[in-house]
Amino acid sequence: MTKKFKWQIAANIFIFAATLTGFYLMYFRSEGLLQDKGITAFKYFTVQSNVFGGAAAAVWLISAIWGKGKEVPRIVSLLKFTAAICLGLTFITVMVFLGPLYGYIAMLRKANFFFHLVIPLAAMSEFVFLNRHEISLKNCLAATLPMFAYAACYLTNILVNGGARHSLQYDWYSILRWGWGVGVCIFAVICAVTFGIAALLRRLNCILHK
């Protein structure tokens, strides 16, 4: 077992443990801006992406244990990559959009400290520095699918419930506060940013492992 593989094991244990901690705080303890207790918290892309990241870390660890320290299958690395991209989008969205809109203190309190900062940075760093499988541009494109699916469901939910333009009950991210045209453009930009994050992390990983 190489030193890098040991670091990868430690990183995935950390991501999984941090996800459990954040999930506990969110599910049982946290209330506040863009936070819900219980099952309703899963309406947020943040929660979905972090649970995805924690599950991907668990799958990686199980694969590593099953393989007795050998390289995990490429499909597992692709799963980890997709999770890292979703988490990277969560981080960028908070830093660029939600932070200025609602305030960084509100965005980095309690469970959101783990979900918006700690876990995204850990997942992206783990991929950039420790991933050893080749990632193609097609894989980068595929990594945008979770965000695209979430955007489609988000907008459809608002339409089905009467197109509530300013209601936080359905538009909890305030995407449509400037109208449908701007809202759709925002989601289009987010999908493009998601691909950009994927391409950037892929490039950084390639540079470090030449």
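So, Lys80 and Glu126 are both buried, where buried means under 20% relative accessible area, exposed means over 50%, and partly exposed is in between, using a 1.4 Å probe and protein chains only. Keep in mind that this is a predicted model, where local features need pLDDT of at least 70, side-chain atom pairs count only at pLDDT 80 or more, and totals for chains, interfaces and linings use all residues. Residues are numbered from 1 along each chain as its sequence is written, and side-chain values use heavy atoms, with hydrogens and water left out.

Okay, what do the side chains of Lys80 and Glu126 do? They meet in a salt bridge, 3.5 Å from N to O; that term means a side-chain nitrogen of Lys or Arg within 4 Å of a carboxyl oxygen of Asp or Glu. Lys80 sits in helix α3 (residues 74–102) and Glu126 in helix α5 (residues 111–130), so the pair ties together parts that are 46 residues apart in sequence. Helices here are DSSP runs (H or I, at least four residues), numbered from the N terminus. Searching the whole structure turns up one salt bridge.

Now, cysteines. Buried or exposed, what is Cys140? Buried, with a relative accessible area of 0%. Cys206 is partly exposed, at 29%.

Key:
Helix = DSSP H or I, 4+ residues; strand = E, 2+ residues; numbered from the N terminus.
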